[in-house]
Amino acid sequence: MSPKNNASSGAEADSASPGRTPTAEPPPRLRSTDIARLAGVSVAAVSIAVNGRPGLSDATRKRILDVADELNWRPHLAARALKGATNDVVGIVIARPARTLGVEPFFAQFLSGLQSCLSNRGIATQLLIVEDTETQMAVYRRWAAENRVDGLVLLDLAVDDVRPQLVADLGIPAVVLGSHGNPMPLTSVWVDDHAATVSILDHLVGLGHRRIGHVSGTVSYQHTQRRLRAIDEVRDSAGIEVTSIATDYSDAQGASATRRLLEAHPRYTAVVYDNDVMAVAGLGVATEMGIPVPDEVSVVSFDDSVLTTMARPTLTALTRDTFALGTFTATELLRVMAERPQPRPVQAPTPQLVVRQSSAPPTEGANVGRGRT
């Protein structure tokens, strides 16, 4: 028997050995040359068809796309990048703790509105949650190098934020949510946080509150700074006392800040929260301490959601259509992606205060710090 036959017999014996499972080789990856052969066209025609470029008859384009769909074939990402093709993907990178982000209704509603608008154009959203800004910027650079996304939405703009200039330098079409005032290298969709904050304080001052607590979000964010400036202005003009405590927007830190304010002597008679999650957590703390809302402390939320309407008492809150804010932002991003216009600030509707059961005039003796510790 020849060595070749011996080798063959050995292989057959090995594959048939007990306890050994033959490993199937993965099928070879289809290439554009395979699609061209099956559709009876050139490779260039396949590229034109799948990238939506002109130059083919409707019948030829349909034949190519039908073959590609039947075989579930899409061009390789790297190959598309080299040819400058679009990916039908918008990227969002958020630098917040995933646990905190997961319980905040604002993001769910905003992203739903954003994706609803983009889906009508066949565009998907790629969401990535990271730990810090440095990681965010590394992702932007990688996505740009790989031509992975066609546009970006930037959230949580910080004071002196370097991300907008980086994204502009990378040449990725993008929209920033939440910045206005200073010239920006990117188009921005902004909400008048200053006016919204003033409306809350005017409501509480009108009710007779003179000592107000404020449970804020992250102070490095631009929108938080606008709210703090509005508080300073009203404090000076109305002659009231307002104390702000910074948090990470979580229910745990919101509850801790509330306890500090309600244990103060004299106690604060109203507390304003920068989001609905913290407001509901604060309501729970007041209940636990035996401090009735709104009889001895009023509670107001900067964000409105199903949480504020399900709470008892229902919470006074700034309401806005967050889903519509997402579609508004997506519409502006689509314009930027299509036209590459000069950056501009675009104002979204200002939230309006909805007065519910949780705010009322302070009762006599409400300033006495008698909560249980």
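**Reading strands, loops and surface in a predicted model**

Modeller: Three bridges join strand S3 (residues 151-154) to S4, and these two strands run parallel; a strand here is a DSSP run of E of at least two residues, a helix a run of H or I of at least four, both numbered from the N terminus, and two strands pair if DSSP finds at least two bridges between them. The model is predicted, so local features need pLDDT of at least 70 and side-chain atom pairs count only at pLDDT 80 or more, while totals for chains, interfaces and linings use all residues. Residues are numbered from 1 along each chain as its sequence is written, and side-chain values use heavy atoms, leaving out hydrogens and water.

Biologist: Which residue in S4 does Leu-152 stand opposite, and which way do the side chains of strand S4 point?

Modeller: In a regular strand the side chains alternate between the two faces of the sheet. Leu-152 stands opposite Ala-174 of S4; from strand S4 (residues 174-177), Ala-174 and Val-176 point one way and Val-175 and Leu-177 the other, and all are buried, which means under 20% relative accessible area, with exposed over 50% and partly exposed in between (1.4 Å probe, protein chains only).

Biologist: In what order do the six strands of the open sheet come?

Modeller: Strands of a sheet pair through backbone hydrogen bonds, either parallel or antiparallel. Here the order is S7-S6-S8-S9-S10-S12, with mixed pairing, and the edge strands, S7 (241-246) and S12 (352-354), each pair on one side only. The twist averages 20 degrees from one strand to the next, where axes are lines fitted to C-alpha atoms, for helices over the stretch in contact (heavy atoms within 4.5 Å), and angles run from 0 to 180 degrees between N-to-C directions. Within this sheet, strand S8 (residues 270-273) and strand S9 (residues 298-301) run parallel and are joined by four bridges, and Val-272 has Val-300 of S9 as its bridge partner.

Biologist: Which helix lies across strand S6 (211-216) and S7?

Modeller: That is helix H11 (residues 222-238), which runs at about 165 degrees to S7.

Biologist: Which residues does the cis peptide bond with omega of about 5 degrees join?

Modeller: That bond joins Val-293 and Pro-294, and Pro-294 is found in the loop between helix H13 (276-288) and S9. The peptide bond from Arg-312 to Pro-313 is cis as well, with omega near 0 degrees, and Pro-313 has its place in the loop between helix H14 (306-310) and strand S10 (316-319).

Biologist: How much of the protein counts as buried?

Modeller: Of its 373 residues, 46% count as buried, and the protein has 15 helices and twelve strands. Among contacts between residues at least 6 apart in sequence, 73% join residues at least 24 apart.
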